[in-house]
Amino acid sequence: MILLKLYWSFLLIGFGSFGGLSMIPQISNEVLTHGWMTAEQVTDIVAIAEMTPGPLGLNCASFAGMQAAGIPGAIAANFGVLTPTLTLCAVAAIFFHRFHGSRVIQWILTGVRPVCLGMVAGVLISLSISNYWSGTALNLTGIAISLIDLYLLRKRKVGIPTVLVFSAAAGLVLFGVLGLPA
């Protein structure tokens with residue numbers, strides 16, 4: 001019975017939220033209402049879920065389900081939170097497969113592609129402004145780190161995790177230890 005309750009609760013969370021941090025109030029409400037966890041434990045699972053790789057909702061479902069009913073509970077909660085995504089993806093795949101040759105779908109995709117490109121460009125510009133512009137001056141140190149990263153990734157074929165570690169270390173040393181302006 002508890003497995004069905006876990007599945008149902010996390011199914012409602014999956015359908016009723018937009019993922020990420022928006023899930024936290026619903027998760028908290030469900031696990032506290034059912035008495036599966038205390039408020040302190042909810043805080044702990046959210047902190048752990050934020051630190052571990054993977055989606056927040058899935059990580060919280062794993063930890064909450066495990067706390068409530070062990071491994072079967074974690075599985076039930078995970079299936080619950082994943083059901084909405086899997087359902088929507090299956091419906092979209094069926095729709096796309098059935099209508100992929102349609103002229104209307106081709107026109108829609110022709111319009112969607114530039115919109116997606118524009119959204120990515122907008123994010124790139126927004127992040128560039130916030131990362132490389134500080135107040136009234138360019139952040140030349142940040143630009144230099146980015147150019148080195150680009151060189152390491154493209155020319156030297158260094159892996160992304162190594163470049164991330166390099167960038168973090170460079171930022172700590174240059175902005176933290178040496179105190180260069182950010």
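Which helix supplies the largest share of the lining of the largest pocket? The largest share, eight residues, comes from H4, and the report returns to this pocket below.

## Basis of the model

This is a predicted model, in which local features need pLDDT of at least 70 and side-chain atom pairs count only at pLDDT 80 or more, while totals for chains, interfaces and linings use all residues. Residues are numbered from 1 along each chain as its sequence is written, and side-chain values use heavy atoms, with hydrogens and water left out.

The predictor's confidence in each residue is given as pLDDT, from 0 to 100; its mean over the protein chain is 90, and 99% of the residues reach 70 or more. Among the helices and strands, which are DSSP runs numbered from the N terminus (helices H or I of at least four residues, strands E of at least two), confidence is highest in H1, at a mean of 94, and lowest in strand S1 (residues 133–134), at 80.

## The largest pocket

A pocket is defined on a 1 Å grid over the protein atoms alone, as an open set of points where a 1.4 Å probe fits, with protein on both sides within 12 Å along at least five of seven lines, and its lining residues have an atom within 4 Å of a point. The largest pocket has a volume of about 250 Å³, where volume means the space filled by probe spheres set on the points, which are joined across faces, edges and corners.

Its lining holds 16 residues, and those nearest the centre are Gly 14, Gly 19, Met 23, Val 81 and Thr 85. Helix H1 (2–16) and helix H4 (56–99) each supply at least two residues of this lining.

Ser 9 is found in helix H1, and it counts as buried because its relative accessibility is 2% (buried means under 20% relative accessible area, exposed over 50%, and partly exposed in between, with a 1.4 Å probe and protein chains only). The side chains of Ser 9 and Glu 30 are joined by a polar contact of 2.8 Å, a term for a pair of N or O atoms within 3.5 Å; within protein, one must be able to donate a hydrogen and the other to accept it, and residues adjacent in sequence count only if both atoms are side-chain atoms.

Asn 139 lies in the loop between strand S2 (137–138) and helix H6 (140–154), and at 7% relative accessibility Asn 139 is buried. Its side chain reaches the backbone nitrogen of Gly 142 at 2.9 Å.

Rings of Phe, Tyr and Trp (its six-membered ring) pair if their centres lie within 6.5 Å, and planes under 30 degrees apart count as stacked, over 60 as edge-to-face and the rest as tilted. The count by this rule is one aromatic pair: the ring centres of Phe 95 and Phe 99 are 5.0 Å apart and their planes stand at 50°, so the pair is tilted. Both residues lie in helix H4, four residues apart, about one turn of the helix. Phe 95 is partly exposed, at 45%, and Phe 99 is partly exposed, at 35%.

## A loop residue with positive phi

Lys 157 is placed in the loop between H6 and H7, and its relative accessibility of 64% makes Lys 157 exposed. Most residues other than glycine have a negative phi, whereas phi of Lys 157 is near 55°, a positive value.
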